Amino acid sequence: MMKQIEQIERLKREKNAIILAHNYQRAEVQDIADFVGDSLELARKAMGTTSELIIFCGVDFMAETAAILNPDKKVVIPDKGAICPMAQQLQVEELEAMKRRYPDADVVLYVNTLAESKALADCICTSANAREIVNAMESETVLFGPDRNLAYYAGKTTSKKVIPIPQHGLCPSHHQIVMSDVIEAKNAHPDAKVIVHPECIPEVQDIADYIASTSGMVKICKMPASGDEFLIGTEIGLLHRLKKEAPDKKFYPISTTAVCPQMKMHTLEKIASALDREEPEVTVPAGIKDKARRAIERMFTIID
Ligand code: SF4
């Protein structure tokens, strides 16, 4: 492993490259990255970098977002098979049909969508700002996709009527976290606070002490007054970052099976190869890119 790390460090210097990694990446990938964060933080970091080559250790829609926001930079994903199943669940045809059915409704799409869907949205959101973005829409009814659980959260925390598109969009990894897991974990650690991602099912959200995006979870867990022990309801990769950034606190996964196989596809070997060969490159067709960029930039205008 040391040899690969040295090779990655050398190639990074030679090529003026930056490695961005999502919170759900393997521990060794997080450790080699220049920056680790959630999709919103990674998008911002990609925009702020002076590096010409971005090695993006996340799933397809995240790398696409980085490519959309950085037309002058080269975005490379170490394994092109890292495809988010949730992003695939929203088909453009269904979105167009719902827009025709609800012509007055604004369309807010989770960043976990493909670029062609983003191009049809009024605004993009992440789990860190879904409530704020939905609230900022002018229409009383908002079409929201593709995660029905995040749609539930947005509907519950705003005064808007939020209609999920599609009806059954979900993240397979978060969907595995069920009530019996929370009860079992709580019995084992009765003093621990329950903190879950809004991609979790409504029943799990409803009994949690905190609902937050992964970056929100890190922030909450690091606060001195938030507690000393936490039951974490998200993909287990986040525990590596939590343990590193709050070493004096205790973290337990609510479900050890909440693993995203697509996020784990990037390895040190693939990162070294991506740096060396500068491929596979992530590109987005020009027509789609411009429209998707408008919807993403509207998000930044609202939250900044
Ligand atoms: S954790 Fe869920 S939403 Fe995130 S990339 Fe994996 S499948 Fe997609």
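**Notebook: ligand shell, core and backbone**

I began with the ligand and noted that its shell draws at least three residues from each of domain 1 (2–83 + 263–283) and domain 2 (86–171), the domain bounds coming from an automatic or database domain assignment. I keep in mind that this is a predicted model, in which local features need pLDDT of at least 70 and side-chain atom pairs count only at pLDDT 80 or more, while totals for chains, interfaces and linings use all residues. Residues are numbered from 1 along each chain as its sequence is written.

I then looked up which of the 13 residues around the ligand come nearest, and found Cys84, Met86, Cys171, Ser173 and Cys260; a residue is near a molecule if its C-beta atom, placed from the backbone, lies within 6 Å of it. By type I recorded nine nonpolar, three polar and one charged residue in the shell, where Ala, Val, Leu, Ile, Met, Phe, Trp, Tyr, Cys and Pro count as nonpolar, Asp, Glu, Lys and Arg as charged, and the others, Gly among them, as polar. Helix H5 (85–88) and helix H10 (172–175) each supply at least two residues of this shell; helices (H or I, at least four residues) and strands (E, at least two) are DSSP runs, numbered from the N terminus.

Next I turned to the largest nonpolar core, which has 99 residues, with Ile55 and Phe56 among those with the most contacts inside it. Such a core is a set of buried Ala, Val, Leu, Ile, Met, Phe, Trp, Tyr and Cys residues joined through C-beta atoms within 7 Å. Buried means 20 or more other C-beta atoms within 10 Å of the residue's own, exposed 12 or fewer, and partly exposed in between, with C-beta atoms placed from the backbone. Helix H4 (residues 60–69) gives the most to this core, with six residues.

Last, I checked the backbone, bearing in mind that most residues other than glycine have a negative phi, and most peptide bonds are trans. Gly145 and Pro146 are joined by a cis peptide bond with omega about 0°, and Pro146 lies in the loop between strand E7 (141–145) and helix H9 (148–157). Asn16 has a positive phi of about 50° and is exposed, with 11 other C-beta atoms within 10 Å.
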